[in-house]
Amino acid sequence: MYKYLDHINTPQDIKKLNIQELNVLSNEIRKFLVKSVSKTGGHLAPNLGVVELTLALHYVFQSPKDKLIWDVGHQSYVHKIITGRKDKFHTLRQFNGISGFPKKSESIHDIFDTGHSSTSISTGLGLALARDIKKEDNHVISIIGDGALTGGMAFEALNHLGHVKTNMIVILNDNEMSISKNVGSISNYLFDIRTNKAYKKIKDEFEHITSYIPKIGKTFYRTAGKVKDTVKYFMIPGALFEEMGIKYFGPIDGHNLDELINVLKSIKKLEGPVLVHVVTKKGKGYRFAEEHPDKYHGVSPFRVDKGITESQSISYSNTAGNKLLELAKKDDRVIAITAAMPSGTGLSEFKEAYPERFFDVGIAEGHAVTFAAGLAANGLRPYFAVYSTFLQRSYDQIIHDMCIQNLPVTLLIDRAGLVGDDGETHHGVFDLSYLSSMPNIKVMAPKDKKELEKMIEYSLKVDSPVAIRYPRGEAIVLESEDSNLDIEKWEILSKGENIAILAIGAMVQKALAAKEILLNKGINITVVNGRCLKPLDHEGLDDIIKSHKCIFTVEDNVLSGGFGSQINLYLNSVGFKGSITNIGLPDKFIEHGKVDILYDKYGLSSEKIAQKIIEEIQ
Ligand SMILES: Cc1ncc(C[n+]2csc(CCOP(=O)(O)OP(=O)(O)O)c2C)c(N)n1
Ligand SMILES: CC(=O)[C@@H](O)[C@H](O)COP(=O)(O)O
Ligand SMILES: [Mg+2]
């Protein structure tokens with residue numbers, strides 16, 4: 001089928017090919033990627049952009065002795081394909097299949113597990129300094145994208161690297177894209193480097209003039225040296241990195257295997273830290289992805305000849321974005337913030353409508369929270385829309401900058417609960433636990449679309465931090481006549497006898513379906529929408545325990561510290577004598593796979609909830 005790819009099983013096989021053959025192999029890998037990812041879904045455009053770069057790295061270095069660390073890791077598919085996982089590639093991101101990110105458990109060539117951004121230089125530096133201490137001999141290579149370089153941690157690591165000056169290589173894969181167009185002053189700086197055509201001409205002229213200087217006199221020579229240093233800041237590509245103590249090489253064409261291999265071979269011999277600036281095209285080789293690298297960053301299954309079809313359904317993300325836009329029209333204090341995910345969080349239209357009140361801060365979730373707190377401290381009403389898993393980066397900022405000062409920042413926490421295919425690094429299953437332990441913040445989760453809208457409206461009326469968490473995907477609308485106008489009060493959705501399920505967020509729908517299953521078996525239970533976790537609706541709970549002796553709590557969060565834990569604490573404090581059973585996620589990292597498969601495996605499907613209730617009451 002494939003002339004070269006069929007014979008590539010280990011990185012050693014790459015080394016047997018010449019440049020011409022490697023170029024043919026690159027084309028074959030692109031075909032393979034498009035065909036395979038069109039069936040499984042996955043991060044297509046980032047991988048199409050790094051085919052030659054990955055081959056060149058494996059050609060020049062000796063993996064796994066030399067350590068390749070992929071930042072975020074969403075662009076490690078080519079690396080996976082040539083390190084023995086080509087035959088399993090059709091299982092990518094499927095339950096029990098290979099992961100969409102590097103996993104040490106999968107291969108000796110995967111050095112470090114990733115999924116979150118901007119960690120590769122810190123990891124690499126740790127590996128390199130451990131190597132030095134243990135007197136080992138290998139190369140450490142961190143491959144970081146221009147988007148990931150907007151994350152503060154990357155700069156903390158460069159700061160450290162330039163100081164300790166150990167042997168380490170940083171490959172900066174610059175495709176001008178984060179998920180959307182990359183933003184920020186560093187991104188502008190890289191753009192200037194890439195496009196500085198005048199640089200070479202001016203540099204040549206300057207060197208020509210200064211070559212006469214020794215004949216003129218020492219003083220002038222010294223002065224000219226200083227001028228040259230100053231000019232360097234403006235003229236020499238990568239001066240920023242050079243000044244940090246890191247040798248800069250580039251920009252290099254990341255699709256030219258000859259050039260890539262030659263440069264990598266040369267820098268391999270150098271002492272000290274080196275940064276190689278490689279310019280690539282995201283989506284290269286597949287027309288649709290080249291034209292819309294943002295839309296092809298991560299894709300669901302699609303037809304290769306037609307490209308992706310965009311979903312027509314309204315997601316929770318779009319619901320939140322639309323509601324925010326509506327509020328912004330009426331209230332000019334409303335500000336929207338994203339950390340490099342404007343479209344994923346439903347803010348694209350807000351960005352178009354109110355560019356002056358929209359901020360993309362780059363992959364900088366910690367900064368986003370403190371920045372929002374600053375805006376709130378000066379009277380504005382910032383909304384930070386962020387995936388639950390990435391908000392973990394802001395734990396201290398939420399406490400120190402939002403909650404202690406009781407500032408009215410609202411966190412719109414998208415992708416809460418199980419997210420599916422991205423797996424353990426991306427599930428948003430800790431937020432209820434860590435947020436509900438913080439004073440001053442209100443923590444909510446809507447059962448459906450209408451309730452999300454209501455919560456966002458409510459957040460604008462209160463003068464304190466608010467966190468609203470909602471799941472990935474289509475926004476459902478549940479039938480309910482909510483007589484309760486107070487969103488902090490719980491809602492009784494169905495009245496039964498003696499047994500009550502208290503559910504939160506996406507689990508309310510599961511609880512209602514479990515109730516139907518039980519009704520068919522002659523068991524009539526109460527279902528409560530526990531939409532506000534903090535403050536906890538004590539009055540509502542008091543009423544429920546008056547008439548129910550068996551309480552079940554259901555949440556798509558870890559059991560430890562979450563919805564059920566908070567209810568247990570309260571029921572203990574009032575001396576509840578009945579039984580309480582908590583249903584939620586266990587104390588382990590949850591693997592990847594379709595959400596419904598995972599719900600079922602971890603007891604959160606309606607069938608499993610009903611089954612658990614039957615077991616407990618028998
Ligand atoms: C902490 C964190 N925030 C956000 C994300 C979501 N995310 C994944 S890839 C990506 C863009 C990365 O851009 P870049 O590093 O340039 O890689 P490219 O896809 O362009 O190759 C973002 C924002 C993440 N993985 N981790
Ligand atoms: C690699 C990464 O972190 C993102 O690309 C993430 O996979 C996006 O997830 P969604 O598909 O839910 O937007
Ligand atoms: Mg990029």
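Lys442 stands opposite Val466 of strand β11. This pair belongs to a predicted model, in which three bridges join β10 (residues 442-444) to β11 (residues 466-469) and the two strands run parallel. Strands of a sheet pair through backbone hydrogen bonds, either parallel or antiparallel.

**The seven-stranded sheet**

- Strands β10 and β11 are part of an open sheet of seven strands, whose order is β7-β6-β8-β9-β11-β10-β15. The pairing in this sheet is mixed.
- At the edges are β7 (358-360) and β15 (532-534), each of which pairs on one side only.
- On average, neighbouring strands of this sheet are turned by 20° against each other, with direction ignored.
- Helix α17 (residues 365-377) lies across two of the strands, β6 (334-338) and β8 (381-387). The direction of α17 makes an angle of about 165° with β8.

**The five-stranded sheet**

- A sheet of five strands is also open, and its order is β12-β14-β13-β16-β17 with mixed pairing.
- Strands β12 (491-494) and β17 (579-585) each have a single partner strand, so one side of each is left without a neighbour in the sheet. These two strands stand at the edges.
- From one strand to the next, the twist averages 25°.
- Strand β16 (residues 548-558) pairs with β17 in the parallel sense, over six bridges. Within this part of the sheet, Phe552 stands opposite Thr581 in β17.
- Helix α22 (residues 507-519) packs on the sheet and touches β12, β13 (498-503), β14 (526-529) and β16. Its direction makes about 155° with that of β13.
- Helix α24 (residues 563-573) lies across β13, β16 and β17. The angle at which α24 runs to β16 is about 145°.

**A pair of packed helices**

- Two packed helices are described by the angle between their axes and the distance between the axes.
- For helix α15 (residues 316-330) and helix α21 (residues 449-461), the packing angle is about 35° and the axes are 10 Å apart.
- The crossing of α15 and α21 is right-handed.
- Helix α15 contributes Tyr316, Thr319, Ala320, Lys323, Leu324 and Leu327 to the contact, while α21 contributes Lys449, Leu452, Glu453, Ile456 and Leu460.
- By class, the residues of this contact are seven nonpolar, one polar and three charged.

**Surroundings of the ligands**

- Around ligand 1 there are 25 residues, of which Pro46, Ser117, Gly145, Gly147 and Ala148 come nearest.
- The shell of ligand 1 consists of ten nonpolar, eleven polar and four charged residues.
- At least three residues of the ligand 1 shell come from each of domain 1 (5-196 + 237-291) and domain 3 (316-469).

**Particular points of the backbone**

- The peptide bond that joins Ser63 and Pro64 is cis, with omega about 10°. Pro64 is found in the loop between α4 (51-60) and β1 (67-70).
- A cis peptide bond also runs from Gly250 to Pro251, where omega is near -5°. Pro251 has its place in strand β4 (residues 247-253).
- Lys165 is a residue other than glycine with a positive phi, near 55°. This lysine, Lys165, is placed in the loop between α7 (152-164) and β3 (168-174).

Notes:
Residues numbered from 1 in each chain as written. Chains lettered and ligands numbered in written order. Predicted model: local features only at pLDDT ≥ 70, side-chain atom pairs only at ≥ 80, totals over all residues. Pairing = 2+ DSSP bridges. Helix = DSSP H or I, 4+ residues; strand = E, 2+ residues; numbered from the N terminus. Axes fitted to C-alpha atoms, helices over the stretch in contact; angles between N-to-C directions. Contact = placed C-beta atoms within 7 Å. Left-handed = near helix turned anticlockwise from the far one by under 90°. Nonpolar A, V, L, I, M, F, W, Y, C, P; charged D, E, K, R; others polar. Near = placed C-beta within 6 Å. Domains from an automatic or database assignment.
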